[in-house]
Protein chains: 6
Amino acid sequence: MNIENRYERGLAKLREIDGAAGQRVLDSLEDIAPDFARYLIEFPFGDVYSRPGLDLKSREIAVVAALTALGNAASQLKVHIQGALNVGVSRTELVEIIMQMAVYAGFPAALNGLAAAKEVFAQEREPDSVLSHTA
Amino acid sequence: MNIENRYERGLAKLREIDGAAGQRVLDSLEDIAPDFARYLIEFPFGDVYSRPGLDLKSREIAVVAALTALGNAASQLKVHIQGALNVGVSRTELVEIIMQMAVYAGFPAALNGLAAAKEVFAQEREPDSVLSHTA
Amino acid sequence: MNIENRYERGLAKLREIDGAAGQRVLDSLEDIAPDFARYLIEFPFGDVYSRPGLDLKSREIAVVAALTALGNAASQLKVHIQGALNVGVSRTELVEIIMQMAVYAGFPAALNGLAAAKEVFAQEREPDSVLSHTA
Amino acid sequence: MNIENRYERGLAKLREIDGAAGQRVLDSLEDIAPDFARYLIEFPFGDVYSRPGLDLKSREIAVVAALTALGNAASQLKVHIQGALNVGVSRTELVEIIMQMAVYAGFPAALNGLAAAKEVFAQEREPDSVLSHTA
Amino acid sequence: MNIENRYERGLAKLREIDGAAGQRVLDSLEDIAPDFARYLIEFPFGDVYSRPGLDLKSREIAVVAALTALGNAASQLKVHIQGALNVGVSRTELVEIIMQMAVYAGFPAALNGLAAAKEVFAQEREPDSVLSHTA
Amino acid sequence: MNIENRYERGLAKLREIDGAAGQRVLDSLEDIAPDFARYLIEFPFGDVYSRPGLDLKSREIAVVAALTALGNAASQLKVHIQGALNVGVSRTELVEIIMQMAVYAGFPAALNGLAAAKEVFAQEREPDSVLSHTA
């Protein structure tokens, strides 16, 4: 395994999970910290997300839970709510995960997480899919 | 649905997930805040964990991720690492979830989470089950 | 006591404390997580705020202090600054509580809390009441 | 007003609120950061706690709520639970404040706060006063 | 040493570090908590920043690191990124400090810190100075 | 550059900064998450700490500030207080950094940081070096 492969594997994983939003994060780093864009691809996505022992759906459940609980990274939470949808977590499951965080990080954290989910759901292409997902 | 059912449903769910550790938490509240023991049974377990839209395994993945990331509830994290094992999350999956938190809450949070997992795994009855679980 | 009473007692308490802002929070949940609106009414307001052992004024002092210190729920802090005013905490007392949080959570947390208070005070109907309250 | 007065006023206030525990904190700083002991007396106690606009009981309610919610200062939380008792907050009120934090910072924060309260209550001189206070 | 000197020393230090942004913070407090503006000058700047044992450049490195890691005070982080530039921390060094926080507080905290830095760098008068600073 | 070099460079840097304590962290991971030990060497130390744009002394100032402010990683804070000493930060400077965190994360965070420093200073081999360092 060499560094080029780590980068390429990470970039493919980032695109699989975060899609266009992941690319926007990378672009935003280009003029201020291009090496950090590389680290972001290599360590979280090339190393961690590419590991076999846990499926991507479970990984996104973990991230949405953690970012909802921490409550200080609204933008990244939205990227990962979309990422969770991209890898097969349903809207209903996302709402359940975020609601559950009321127990571990308080109601305000859960309310802010639900507001983030609402925004992401509304931006998705087919708005009528809301009904089928949350029904 | 009445309050008695909410309580009974919560108590059954608490026992299913947390086993003896859940009972110890309830016992510790008896002389200082017995009503809080009741709320703990009713709201997190009777209301939230009993909801259909997300399986218990995913719920425990969410909790272990959140408590590892928050990093200020070591005792509850250990209870839920055991709880996750109880509902079918493997040791390998738990280690993956906690390692992944390095990305979202930093390496110290992940290191402390791994230390908690190590302690829980060591306290389990059959220490040689480690091999079969992590294989 | 049955579930319906818990809900009704909570809704009355929510309206007593948060007024129109509480209703807006409930409304915002209607299309994404209506059950969470119910939990919000039942557990925090129906169970906790309705307990006898601590007066509402003290409860709101506790919440404003906690949300200022946590620093990651600006919207809920503003709702509770208004809630505190609604149950008899004066503007002067609110400013004192928030200033005091500089000691326990740092000056940035207190500065952000004061900015939230300033915004809430400015939105109240009688702006000239500021003078009489803080004098 | 001069610096000496600020120091003396703060030291008197610290002793009024925290008693022997406050002195132990000051003593612990003597060999590593004696100036910090002075700042602790002067700013929190000489400046903030000595202000008129909020009574000491409300100030201690605010601190216990904030430290319970933050969840990363168990030692200081215990000092202030005792401090709250010293200035007239009852055991029942303390338990209510801490329980309420489950709503704003999650159940683990409240459980850890209750454990701290239990420890402080047990260390008080008259253990049978628990019954009369919490009854 | 008397209180007037503490205030004057703090005001001079605040201006040296934060410049116009520091004054804006003080102005924003004038109508809601003028005493807090005084405390802000006296304790952080008159007492702490004026101490000899650590140079101002190191103090600003410490603040930018801490506020990036805490992640709940975006406005103050921006003031101190500018403050760090004012006392001689280079843009390259600031980017390094913030990137390093990914290790201790996670990638979202670092990404938000880099976004804050980008905003501050863009608002500086001579945009072409970016090249000379980061070269 | 290949992966082997990243690992070796990181291991050398970890040893330079953390010494024996770094090795103990790696050892503690051997049976539960050996890959995480490798990531810890490769990303924080092989990638971040090895970058040219910021000297090691400034990097340790940043870490001690951040971990003091976050307040939920006492063990790692102690490792980095020792690490800071190892790369040339003086005891006086460390005490100043930690005291300054009272401004940004509150007095309890600073008090806990000072307690950690006190413990590290006491464990150093030559206790009489305290005088020469803090003089």
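Predicted model: local features only at pLDDT ≥ 70, side-chain atom pairs only at ≥ 80, totals over all residues.
At their boundary, 29 residues of chain B are in contact with 29 residues of chain A. The two chains bury about 2600 Å² between them, with carbon and sulfur atoms giving 71% of that area. Now pick out B:E96, B:Q100 and B:Y104: this trio supplies 24% of the area that chain B buries against chain A, more than any other three residues.

By residue type, the side of chain B that touches chain A divides into 20 nonpolar, 5 polar and 4 charged.

Next, the charged pairs. Between chain B and chain A the count is 4 salt bridges. Which side chain of chain A meets B:E96 at 2.8 Å, N to O? That is A:R51, in a salt bridge. Is A:R59 buried or exposed? A:R59 is buried, at a relative accessible area of 0%, and B:E96 is buried too, at 4%.

Stay on helix α5 of chain B and move to B:V103. B:V103 is buried, with a relative accessible area of 2%. Show its surroundings: leaving out residues up to four places away in sequence, B:V103 touches A:F43, A:P44 and A:V48, along with E:G106, E:F107 and E:P108. For a distance within chain B, draw a line from the C-alpha of B:V103 to that of B:A69; the two are 34 residues apart along the chain and separated by 9.7 Å.

Chain A has a salt bridge of its own to visit. Select A:R6 and A:E42, whose closest N and O atoms are 3.1 Å apart. A:R6 sits in helix α1 (residues 3–29) of chain A and A:E42 in helix α2 (residues 34–48) of chain A, so the pair ties together parts that are 36 residues apart in sequence. Both A:R6 and A:E42 are buried.

Now jump to chains D and E. D:R51 forms a salt bridge with E:D35, with the closest N and O atoms 2.8 Å apart. D:R51 is in the loop between α2 (34–48) and α3 (56–70) of chain D, while E:D35 is in helix α2 (residues 34–48) of chain E, so the pair joins two chains. D:R51 counts as buried at 14% relative accessibility, whereas E:D35 is partly exposed at 29%. Over all chains, the count comes to 66 salt bridges.

Last stop: helix α3 of chain C, residues 56–70. Its 15 residues reach 21 Å from first C-alpha to last, close to the 21 Å expected at 1.5 Å a residue. Of those 15 residues, 14 are buried, so α3(C) is largely enclosed by the rest of the structure. Step one residue past the helix to C:G71, where phi is positive, near 70°.

Notes: Residues numbered from 1 in each chain as written. Chains lettered and ligands numbered in written order. Heavy atoms only, no water. Contact = heavy atoms within 4.5 Å. Buried area = accessible area lost by both parts, 1.4 Å probe. Nonpolar A, V, L, I, M, F, W, Y, C, P; charged D, E, K, R; others polar. Helix = DSSP H or I, 4+ residues; strand = E, 2+ residues; numbered from the N terminus. Expected span 1.5 Å × (residues − 1). Buried < 20%, exposed > 50% of the residue type's maximum accessible area, 1.4 Å probe, protein only.
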